[in-house]
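Subject: Structure for you to look at

Hello,

Here is the structure I promised. Please open it alongside this note; my findings follow below.

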Amino acid sequence: MAFTYFFRDLQTLEQMVEYALPALKNRRQINVWDAGCAHGPEPYTIAILLRENMGHFMFRNTRIFATDIDISNQFGKVIEEGVYPDEEIKRIPDEIRTKYFRESGRPGHFQIADDLRSCVRFHRSDLLDLKPVSTDLGLIVCKNVLLHFQEAQRVDVIRMYHNALQDDGFLMMEQTQKMPSELEDLFEQVVPNAQLFKKRCAA
Ligand SMILES: C[S@@+](CC[C@H](N)C(=O)[O-])C[C@H]1O[C@@H](n2cnc3c(N)ncnc32)[C@H](O)[C@@H]1O
């Protein structure tokens, strides 16, 4: 399994809740793409944060497209079932864990709530094919993936993200992933201390 965990880099995710979510809430349908999602802790963390910070009704209109190259061909099954061992969920804050996870029937394993599972859809795909899951996205999350690519590939993938975002949509990357200088005109950095960017539209 790829290295990932629930509530990883909470600081950046909290910036997303504070600065991107108010704008996303104005849309009738909220489409999120988690690109390089591994076996699910990240898209389910995003689902939990969105569910906690928007009403039940609006959450029903939220879709998280979770994609990964998934060389093991196992992520789809894990994400669809939403069943995780105790050691993977024990770092989640208690009140969140008890609210969104229940006994799965498999000893030492817990299943995430149905409304979160139905919000997350997994597809296998290679980002380097440059095919977006949608061109109507409010938020793209791509963390700890682009560092594996060459600079020219990073530029191509981020340019694809720009094309796939709705006007004023958001892109979130990990703290160490800076925006390539040739793409700076395409995005506005929302806060100086997080790699959270808003799409700039052509004038
Ligand atoms: C370190 S994990 C990051 C998981 C999660 N985004 C996080 O930050 O915790 C990197 C993920 O990127 C995926 N990945 C690597 N190259 C990829 C590609 N070309 N297309 C799609 N996913 C890729 C890997 O399969 C892996 O699941």
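Start with a facing pair: Tyr-84 stands opposite Phe-110 in E5. Keep in mind that this is a predicted model.

The strands around that pair come next. E3 and strand E5 (residues 109-112) run antiparallel and share three bridges. They belong to an open sheet of three strands, ordered E3-E5-E4, with antiparallel pairing. Strand E3 (83-85) and strand E4 (101-103) are the edges, each pairing on one side only. From one strand to the next, the twist averages 40°.

Now the ligand. There are 17 residues around it, and Ala-2, Thr-4, Gly-36, Ile-69 and Asn-144 come nearest. The shell is made up of eight nonpolar, four polar and five charged residues.

Helix H1 covers residues 10-24 and bends by about 35° at Glu-18. A proline, Pro-22, follows within four residues. Leu-13, Met-16, Ala-20 and Leu-24 are the buried residues of H1. Their cover includes helix H2 (41-53) and several strands, among them E1 (30-35), E7 (137-142) and E10 (196-199).

Last, a loop residue. Met-179 sits between E8 and strand E9 (187-189). Leaving out residues up to four places away in sequence, Met-179 touches Glu-184, Phe-187 and Phe-197. Its C-alpha atom is 9.0 Å from that of Gln-189, 10 residues apart along the chain.

Best wishes

Definitions and conventions. Residues numbered from 1 in each chain as written. Predicted model: local features only at pLDDT ≥ 70, side-chain atom pairs only at ≥ 80, totals over all residues. Near = placed C-beta within 6 Å. Nonpolar A, V, L, I, M, F, W, Y, C, P; charged D, E, K, R; others polar. Bend = angle between axes of the 7 residues up to and from the residue. Helix = DSSP H or I, 4+ residues; strand = E, 2+ residues; numbered from the N terminus. Buried ≥ 20, exposed ≤ 12 C-beta atoms within 10 Å, placed from the backbone. Contact = placed C-beta atoms within 7 Å. Pairing = 2+ DSSP bridges. Axes fitted to C-alpha atoms, helices over the stretch in contact; angles between N-to-C directions.
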